[in-house]
Every structure is written in structure tokens, then in C-alpha cells.
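I set out to look up how the chains meet and which side-chain pairs can be found.

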Amino acid sequence: MSCHVVHERANGAPRALKLRARPLRVALVGQPNVGKSVVFGRLTGRYVTVSNYPGTTVAVTKGRALVGTEVCDVIDTPGVNALDGTISEDERITQDVLASDQSDVVIQVADARNLRRALMLTPQVAAFGKPMVLALNMIDEAYSRGISVNAAALAAELGIPVVEMVAVEGRGLSELRDALACAARPHVPTQRHASGRAVWAHELTGRVRGTSKVSLAHLQEALARLTRRPSTGLPILAAVLYALYLFVGVFGAQTLVALVEDGVFGRGINPAATWVADRYIPFPLVRDFLIGEYGLITMGLTYAIAIVLPVVATFFLMFGFLEDSGYIPRLAIFCDRMFRVMGLNGKAVLPMVLGLGCDTMATMTTRILGTPKERLIAILLLALGIPCSAQLATIMGILGGISFAALATLFAVVLGQMFLVGWLAARVLKGERSEFILELPPIRWPRIGNLLTKTQLRVRWYLGEAVPLFLAGTVLLFVLDRIGALAVISSAGRPVVTGLLGLPPATAQILVMGFLRRDYGAAGLFQLAHGGQLTGVQAVVALTVMTLFVPCVANFLMMVRERGFRTGFAILAVITPVAIFTGAGLNYVLHHLGVQF
Amino acid sequence: MSSITLAFSSKSKHPQRRDAAKGVRQVVALSTLREGMRGAVVAVHAGDNGRTDRLFALGVTPGASVVMLQTFPGIVFLCDQTEMAIERSVAHSIMVRPEEIRS
């Protein structure tokens, strides 16, 4: 791509890069799921999570890139469908970047298949008055669908550089770097009315785009069809869930955990640590601190590495595969009606499914939802009922070992409660539900490289985020135990824990652990169940309460950050009694019916 | 209720062929299209909560070509190259001029 168009406008003189007081700030802007984050990663060498569905990026990411001889600050922004009119919270974030001095130059990233849509956005981006470059990404997918774009003609009409790219393969990247020097303000209609822009975009597209009926994407189209039709889509969903259970619940939570917990820790690390401590540490207090009942190594590290890590790693791998395939948004078609009862629409399936990875992240992803009411309900339901990956897997690990009926009971009760609370919230809370309008990403075969990078990054994130909290939690428990507070908590909790819920007294402290991190509490239950201290009914009741119970500290802080203190505490105030009374009711019913599992 | 309609005469590639065979077809709501039917968007009726803005932003604008892909449990259609799922009430407000199903 040359800059001849721009050069002509600048009287033939190529514009040289000037010395600046601060690095040039380049913002990547575009519709959701067009590959901004991939371009960002390619420009800066910094990986940000890339997935095949709209709304993966809900906050800005910054990185540095070398363009020619100049260092630039590159900003990745959340995808926008519009920058004026009715916009969502993540779109407002992008609007802020464009309106402020956070950006000097804008690269609009466009999906080459959807040129008309991209062009509708161009005047809105141009309205912020920054020089622009248009990057036509996924040009290969456009070709395979019989679409060709005359980039030179488009550049001439717009008066800005137009670069054809296949960002995932790095194609067009150096052209994009070169084009930055020629960025210019485009010739676009200045009217603010959407219909005027639509006419302009339609006509311009007609002039520069060629289409043929030949499509090479038959397999993709067939898969897309199979996953969204109820007759094939529901069996596929069942198969996906079963595969998830096999891979995470059986392979991760049973095979791998057994290998690491009994093998590496049970026979290796823990005996070794005990041996070293017994021999070299003369102070019993320090010994206990490291290898005692609440020892940093025997409890904290064992929980984090042996019980939770294998499960989290297998889950992230499988989850990343589903994300990149473009499958998850298709579930929204099936869920829309159900979610409507809860004051949401099918789009809410995205944060809900993401919550299975991590509720804290998912709480942030609720930004893609249309109205404040929807966001609040989604955040509430995430905190209430969606088990995060580690918790989900410990649930599978414990209950999968008991019976399928136990697992089914737990999920039925939790989903029932979510449904009920959602239904009530939809009626009690003020505000509107937005209409269900969702773009479905194309079905793609995930790129193994991206999948591995993403999983590795998430596992590292887990290690960085969870392990310190596990250790801190263990220290806290150790201190509480030493000063006798644990006994006080256990006896104070006894009427509820033993009386109402019918659980062993030791469960009280596990629920406290559960507040630090849900998976930490779940790991505690896992050990309890492993040691044969829980009956089937007790395991189901304890896990149900734990799943419904208050979210972990990180999730709570995220709720406060996104929705404020009052809302955060209000959610806690709703969830805690719901969890305890559901557990009590379940315990009562199961005992009454004489269920054994 | 307002509606945004544009004076797009059907700018199809082969207007004469279609018009010769069928004449000008009536404008109907997208929700009435059967699976596999094609059409061109003529207008989008505004809702009360920025529905038009959102649909426009997704490329559902007058002149866009649509293909109905699925009508149950939700409506799924292809608008140019974008596959979209919408609820029925939204589909009521998208007015299209259908093409005859190719035999």
C-alpha cells in the first residue's frame, strides 16, 4: 500500500515523522470481533486475550510498538458498533480514548467481509478529528466467501491509507506500519444522522467491492447451521458438556489431581518438607506453620497446586477451545427465552459462561450488556450461582465420585435458585431489559498457538492471583487456630452448620475459607470428602451452599468497583441468606426423603 | 413510532430479470420470512430504546441484503456477511422486500 493519495494532497511532499515531546499515540478502533487485539499483539509483541466472539476486550490495553524509527504507544480498545446514539459502557470507554489526547492517530480495523458496516463506523471515528488508517483485516476469509475489495479505489475515495491484512498470520503488518506515517483525515460525510451514513456506506461499498456466489466456506457454514438448530444444536450442547465433564471433571479433577496430590505432594514434597522441618527446625510453632494442619506447605501449597491447578489448567484449555471456535454466542439463541424471564436477554449467556472461568472477569464482561438493570442482575446471578472453574471442577471431583444423581441435584438446585432470584430481581429492580440483538461470530477451527498462549497466560494468572491468596488464607487460618478464634467460629457457626445444614462442625471454617476464594473452600471440602468425613448428602448440601454462598474477595471487590459499595453489600445481603436457607431446605428435603446418593 | 425509509429502488444486479419475472413484490416484516428466503431491507421501524441505532450499527440498514436462516427458537438471519440472532419483536420492525425463493 502506498501513500500516493495522501501525498498528492500534501503537495507531493511525503510527510516526515517529526520529533515529539512524547510518543505518538495510536488507537486501534473497530467493530467487535474484527481482530483489533490480534493487530495489537502483532504491533506491540504484547499478548492480550484474543477470542472469537464480541466483547473479549472490555477495557483498554496499552503497549509500545516501533514504527520506522519511532516508538509509538498503541492502545487496544473495546469493540464498538457505534460511537454516537445509544451506546453501551464498553463503547463509552472507546469513545473516551478517541475524544481525549489518549490518541493522536487512529487505526480503524475492519472485517473485510463486512465493509459496509465498517464504513458506517468510519465517519463516526472521523468525527473525532484524528488522522486515520483503515486496516482491512481477515482479507483471506473474505476471499474464501467470494468477496474482493479494491483497496486502492477505497483509499482514493476515502483519502486515507487502506491496508489489506491477515493479522493472525502477520500479513500486511509492515504495510500497516508504513501507512501510519501517511494517516490522514478521511473524506467522509459529516452529517450525524445514521441513515445518511448508511446510504453513503452502501454506495461506496457498491463501488469498491466485488462479490461472486462462489463460497469455499462450506464446512464452516454447515457447522454454524448444526450448532444453532435445536434438533442438532441441543445434542451438540449435551456432547460439549459431557466432553467438558470427561476432560475437566474426570481427567483433570480425578486423574491429574490424584497424580499430583498423592504422587508429587503426598509422596514427594510433603514428606520431604516434614523430614526437613523435623530435623532442622527446633521451634514447634514454626514447624506447624509450615507443615502442620494449617501449614503453608501441607495445606496452602497442596490446595493451590495439587487440587486446584490441574483442574484449572484443563478447564482453561477446553474453555479456550470453545471460545475460539465461536461456539459460545450460539448458545444465546437457545437461552434467550429463559433469560428473558430473569430480566436479561440471550446476550447474557456470554458473561454467564465466562463466569465458569472466573466470576471476577465475568463481572467486568457484563459491560457488554445493554442496560444498568441487566448488568446488575447478571452480576448478582454470577455471584450467586455460577461456580468458577476451580470450584466447578472440585464439585465434579467430589460429586462425580459419589453419583451422577448427586451432581444433577446440585446443578438443579443452583440453577433453580438462580432462576428464582433472577425472576424476583427482574420484578423488583427498576429499569428496562434491552432487546436481544446479537452478532454471531463465524465458526472457526481454533489456532493451536493462540489456544496454548491463552491457556498458559490464564494458568499463570491463576498462579499469580490465587496462590498468594491461598497462602495468605492459610496463614490467616493458622493464626485463627492458634489464638483460638477458629474454635469460636466453629462453635458460633454450629447452630447453622450442624443444626440447619447437618454438616460436620469443621465445615464452618471451610465456608470462611470460601470467602477468601471459592476454590480454596472447595478444595477444603475436597479434602474433607477425600478423608471420608462427608456423607453423600452432606457433600451435596455443603457444595450447594458453597456454590451459592458469597463470592470470593476478588469478585466482591470487582462488584464494588463496577457498581459501587452499596450495591456490592446489597448483593452480599441477598446472597448469604439465600445460600443458607437453600442449603437448609435441601438438607431437610433430602433427609426427609431418605435420599442416600 | 417513526420509521426511517430510504428511497432505495431495488439496486439489485439484475433488476430487470427479477422484476420481469415477479414484478415489484410487497414489503413485509422480516419476521414473516420463511427459512431460506432472501430479501432486501427497506426500512427499520424505531423502537423506544435505540433499537434502530443498534440495528443500523450492525449493518441492518436500508439496502442491506438478508437471508433468513432460522426461525425457531430465535430468529437468525444473515445480513450481508454478518450472522445475527434477534428476538421476534425486533424482527417485526425490520421491513424487507422479499425475493422469490430460488427453485
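I began with a definition: two strands pair if DSSP finds at least two bridges between them. Helices (H or I, at least four residues) and strands (E, at least two) are themselves DSSP runs, numbered from the N terminus. I noted that the model is predicted, so local features need pLDDT of at least 70 and side-chain atom pairs count only at pLDDT 80 or more, while totals for chains, interfaces and linings use all residues. Residues are numbered from 1 along each chain as its sequence is written, chains are lettered from A and ligands numbered from 1 in the order in which they are written, and side-chain values use heavy atoms, with hydrogens and water left out.

Entry 1: Within β6(B), B:Glu83 is the bridge partner of A:Leu440.

**Entry 2: extent of the contact.** I looked up the residues in contact (heavy atoms within 4.5 Å). Chain A gives 40 residues and chain B gives 37 residues. Buried area is the accessible area (1.4 Å probe) that two parts lose on being put together, summed over both. For chain B and chain A this comes to about 3400 Å², with carbon and sulfur atoms giving 50%. B:Arg54, B:Gln81 and B:Glu87 supply 20% of the area that chain B buries against chain A, more than any other three residues.

**Entry 3: salt bridges.** I applied the rule for a salt bridge (a side-chain nitrogen of Lys or Arg within 4 Å of a carboxyl oxygen of Asp or Glu). The rule finds seven salt bridges across the interface of chain B and chain A. In one of them, A:Arg116 joins B:Asp80, with the closest N and O atoms 2.6 Å apart. On the side of chain B that touches chain A, α2(B) gives the largest share, six residues.

A:Asp84 forms one with A:Arg197, at 3.2 Å between the closest N and O atoms. This pair links distant parts of the chain, 113 residues apart: A:Asp84 is in the loop between β3 (70-76) and α3 (89-99) of chain A, and A:Arg197 is in helix α8 (residues 194-208) of chain A.
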